[in-house]
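Reader: I would like to go through this model one point at a time. Please show it first.

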Amino acid sequence: MSVRLSLAAAATFAAGLLVASSAFAADPACEPDKVATKYPSLAGKTVTFGADPQTPPYVARDGMDMNKLSGIAVDMAKAVMDCAGVKYEFTLGAWSGILPAVSSGQIDAMWDDLYYKPDRAKNVDYVMYMGAGTGVLVPDGNPKKLESLADFCGKTVAYGVGSIEEAATLKQQETCKAEGKEPITTMPFQDLAAGLRLLESGRTDAMMWDLGYIDFMAKSNPGKFTRAFGIVSGFQIGVGVGKGKDDLVKAIYDGIRVIQADGTQKKIFAKYNTDPSLEIPAEIRTK
């Protein structure tokens, strides 16, 4: 794997379309010497995965070598692409710009903390592999005593633009108003680094994001952050692949099925302090 250091340029959960054909039905196996036969359009190609290096435990710069990456997505990509016999690299950039780069064809796929949404699936195909939840990160000790969404009334809350956390917060905003309580002061952010700065500077009382990230930050920063509470969202995480890249979709799907069958995916989750039970059977969704 090589790393390039720059990148050029609440929804309701709905089941996507599972692509079913004889080509996908057979039990997959790692056959890196057969890439030209199994995935002909990938033979001799280097696949580019987009990711944000500030999204642990999915993707982060290695603490010992800033030119290296670590995380769930990084380790899974290596296992899957080595299984397929396909070269690959990670292209790094801000989270909000990665999916548009996939849709426009600048890069092949996004392998990061990417939730499935039907509107996103209009522009990319998904290979699902992980369940998801929402976490609320607060200063250590939880000084505002936030224990549920109901406690957001009268508080300041930060969340990612267009995220399921935004939808949940705006829904709670309506509840606060209906109950005659103080409104929530909302602080949307474009990327995780910006959201974390809001919390560190005291400009927000809480930051909402994916539960895996929130738990990682709380465990990595004892005495500084803690998780106030978590919500099981029912959403799922997958790899977003550019439309028309069927061989890449199949290679990722086959590889994930292999590492799920041999226990590798659960081991990767455990390595990054992520609940192995969040693994879900690999599935392709095209809409």
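Reader: Is Asn142 buried or exposed?

Author: This is a predicted model, in which local features need pLDDT of at least 70, side-chain atom pairs count only at pLDDT 80 or more, and totals for chains, interfaces and linings use all residues. Residues are numbered from 1 along each chain as its sequence is written, and side-chain values use heavy atoms, with hydrogens and water left out. Buried means under 20% relative accessible area, exposed over 50%, and partly exposed in between, with a 1.4 Å probe and protein chains only. Asn142 has 13% relative accessibility, so Asn142 counts as buried.

Reader: Where does Asn142 lie?

Author: Helices (H or I, at least four residues) and strands (E, at least two) are DSSP runs, numbered from the N terminus. Asn142 has a positive phi of about 50° although it is not a glycine. Its place is the loop between E8 and strand E9 (156–160).

Reader: Is Lys145 buried or exposed?

Author: Lys145 is found in the loop between E8 and E9, and has a positive phi of about 55° without being a glycine. Its relative accessible area is 54%, so Lys145 is exposed.

Reader: Which residues is Ile184 in contact with, leaving aside its neighbours within four places in sequence?

Author: Ile184 sits in the loop between helix H5 (164–178) and strand E10 (185–189), and is buried, with a relative accessible area of 5%. Ile184 and Lys155 are 29 residues apart in sequence, with their C-alpha atoms 5.3 Å apart in space. Contact means heavy atoms within 4.5 Å. On that basis the partners of Ile184 are Phe152, Cys153, Gly154, Lys155, Val157, Thr169, Gln172, Gln173 and Cys176.

Reader: Why are H3 and H9 roughly antiparallel?

Author: Axes are lines fitted to C-alpha atoms, for helices over the stretch in contact, and angles run from 0 to 180 degrees between N-to-C directions. Angles under 35 degrees count as roughly parallel, over 145 as roughly antiparallel, 65 to 115 as roughly perpendicular and the rest as oblique. Ile72, Asp75 and Met76 in H3 meet Gln265, Ile268, Phe269 and Lys271 in H9. H3 and H9 count as roughly antiparallel because their packing angle is about 155°.

Reader: At what angle do H3 and H8 pack?

Author: Met76, Ala79, Val80, Met81, Cys83 and Ala84 in H3 meet residues of H8, among them Leu248, Ala251, Ile252 and Ile256. The axes of H3 and H8 are 8 Å apart, and the angle is about 110°. H3 is therefore roughly perpendicular to H8, at an angle of about 110°.

Reader: Which residues does a cis peptide bond join?

Author: Pro57 is in the loop between strand E3 (54–55) and strand E4 (59–61). The bond there has an omega of about 5°, and joins Pro56 and Pro57.
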